[in-house]
Amino acid sequence: MNDSYAVDVEGVSKSFGAYKALNGVNLRVRQGEIYGLLGPNGAGKTTLIRLVCGLLAAQAGTVTVLGQRMPNVAVLRHIGYMTQQAALYPALSVEENVTFFAAINGADGGVKEALELVQLYDRRGSVVATLSGGMRQRCSLACALVHRPELLLLDEPTVGIDPQLRVQFWESFRQMAAGGTTIIISSHVMDEADRCQRLGLIQYGRLLAEGSPADIRAQGGSPNLEEAFLALAGRKES
Amino acid sequence: MSGHRVRAITRRLLQGFRRDRRTLALLFVAPIVILGLLGYLMRGSTSSPAVGIANEDAGPLGAMVADALRHSSHITTTDINGSDGDARLKDGSLVAYIVLPADFSQRAQGGTVAPEVHLEGSQPGVDSSVLQALQQAMITLASQVVGRSVSFQPQIKRLHGGPNYDTLDYFGAAFVGLVVFFLVFVITIVSFLNERSQGTLERLMASPLRRGEIVLGYMLGFTVIALVQAAEVLIFSLAVLKIQNQGNVLLIFGMEALMAIAAVNLGIFLSMFARSEFQAVQFIPLVVVPQILLSGIIFPVSTEPKALQYLSNILPLTYAVNGMRDIMVKGADLTWSSLQLDAGVVAGFCVLLIAAGTATLRRRLG
């Protein structure tokens, strides 16, 4: 275990019945790094993220987050988790949702800043049930980062968000990372992968390749990230 | 209209049922369980109301009436001393006692038959069995007092209730609590499942919240709503329906509140065993209906078949219903040991469910 790693996953396996979702995965993410978990649907990305925030327990291996073995309730205060589905209370307003998640994470304030970051401050009084999918996604992000977590886990955060706002999201992610926040983003969209500092390609519950986008291109033998990924996935399969 | 499209819908529906074993079980098992229980309750009952007879008559007719009562199929009789009667009504060992006074034969010969009927009074159905048995005994008597018309003038005294006490008073006392229990249970189980299905429970679990904090927070939130509802139900029952109340209103409210807290926690606990609102709704017939049948709301527990009495005695609703009736019909207060037991059991059940809900919360996330 090394304390300079915000997340240290060692030899982790997780099965659901006969289905092996993760099989001996090793993953290390440094503090302040933006790490992209790439892979097709069902590859094991969400399972890995759930293990990192202690929602699931591994059957083999260890997960260490911010120097503490998971699951550990005390560490959760420093983690922000945005689920794939915009998990919000539909009957509450945008502001009420964000205020609630601030409160349960022990943060005072920060609601206005979080809402401004996702550009929902003007809609803070709107009831979530009346919002579009993209707006819900933004509100969900605000809920995940309102308590200024040291580790932000984002499960497909930019699904349903228009390109203009996506650029702004990434600008925010970069600023947060520069301020020391570690960010793990799962995605199956390749142009997002290019924005990450490091990538892990995951398929069939295994980490196929790891490195900077340039490393992955080199490993896959293609200047195009998507082709490189397909080449790496095919190589492992055959 | 296309037969093909209609068939597609029908087929889709049946295919869904094929994979939903729980719904199938409910469809085919629940009616048998509920009707079987009802049948056993209504036909399997061997015990008839226990009635005491105090024959103080100096003449021969008292013994004749007492004998006719002993052979009645409507009641089970015990010979008692008239002076012990009230104590035995209070301790619940008798639902009524009949005194045939010293001048019974003498007055009967004069044309007036006047037995004293002392009814416990809180169970209207039982009262009618007692009066029916007495009436039959009087017919036997009338055949012995030949040649004169006999006027039957029973002196009816009630320990509880009173002449205006009716079925609504008896059922109302139980239903005031039951309505709150039932509605709060349904609302809690569905909301807690929403928390699962909309994904927010996963978020709560990934926060520093502890399981006990989630359960307690939920309990307090729903209890606030439930208490407002309990107050509304109580005011409507007393002021509009004019259900008879001998007890302290605050005590009724306290008992309602305990039932609401029990319902909230039962809802949270059972939500762990359902994956959707659809499945949650299925708990209503399986969990709530047998409780309603067995808790003494409709059929007094004392007249149930013995086997079902054991079951009734472990259901918390039995104690809740008994407590509500003790307060409203009999004017019980917290010095009554029966009410202490009732409130204690319901409170204990709440604590047990809070612990069970907390313990099972994480299990279903993984």
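Helices (H or I, at least four residues) and strands (E, at least two) are DSSP runs, numbered from the N terminus. The structure described here is a predicted model, in which local features need pLDDT of at least 70, side-chain atom pairs count only at pLDDT 80 or more, and totals for chains, interfaces and linings use all residues. Residues are numbered from 1 along each chain as its sequence is written, while chains are lettered from A and ligands numbered from 1 in the order in which they are written.

The account opens with the strands of chain A. Strand β1 (residues 5-16) of chain A pairs with strand β2 (residues 19-30) of chain A in the antiparallel sense, over 8 bridges; two strands count as paired if DSSP finds at least two bridges between them. Within this pairing, A:Val12 lies opposite A:Val25 of β2(A). The hairpin formed by β1(A) and β2(A) has 2 residues between the strands, and A:Gly17 there adopts a positive phi near 65°. Strand β1(A) is also joined by 5 bridges to strand β4 (residues 60-65) of chain A, again in an antiparallel arrangement. Here A:Glu10 faces A:Thr62 in β4(A). In a regular strand, side chains alternate between the two faces of the sheet.

The loop between α5 (133-145) and β7 (151-155) of chain A contains A:Arg148, a residue other than glycine whose phi is positive, near 45°. A further positive phi, of about 50°, belongs to A:Glu156, which is not a glycine either; A:Glu156 is placed in the loop between β7 and α6 (163-178) of chain A.

Are these two residues buried or exposed? A residue is termed buried if 20 or more other C-beta atoms lie within 10 Å of its own, exposed if 12 or fewer, and partly exposed in between, with C-beta atoms placed from the backbone. A:Arg148 counts as partly exposed because it has 18 C-beta neighbours inside 10 Å. A:Glu156 is buried because 22 other C-beta atoms lie within 10 Å.

Chain B contains 15 helices and 7 strands. Its radius of gyration (taken over C-alpha atoms) is 26 Å, well over the 21 Å that the globule rule (2.2 Å times the number of residues to the power 0.38) gives for 366 residues, so chain B is more spread out than a compact globule. The C-alpha trace of chain B spans about 85 × 55 × 35 Å along its principal axes. Of the 366 residues in chain B, 38% are buried.

By an automatic or database domain assignment, chain B is divided into domain 1 (50-158) and domain 2 (167-365). The centres of these two domains of chain B, taken over C-alpha atoms, are separated by 41 Å. Two residues are in contact if their C-beta atoms, placed from the backbone, lie within 7 Å; by this criterion, 4 residues of domain 1 of chain B touch 6 residues of domain 2 of chain B.

Finally, the two chains meet in a contact that takes 14 residues from chain B and 17 residues from chain A. The chain B side of this contact divides into 6 nonpolar, 5 polar and 3 charged residues, where Ala, Val, Leu, Ile, Met, Phe, Trp, Tyr, Cys and Pro count as nonpolar, Asp, Glu, Lys and Arg as charged, and the others, Gly among them, as polar.
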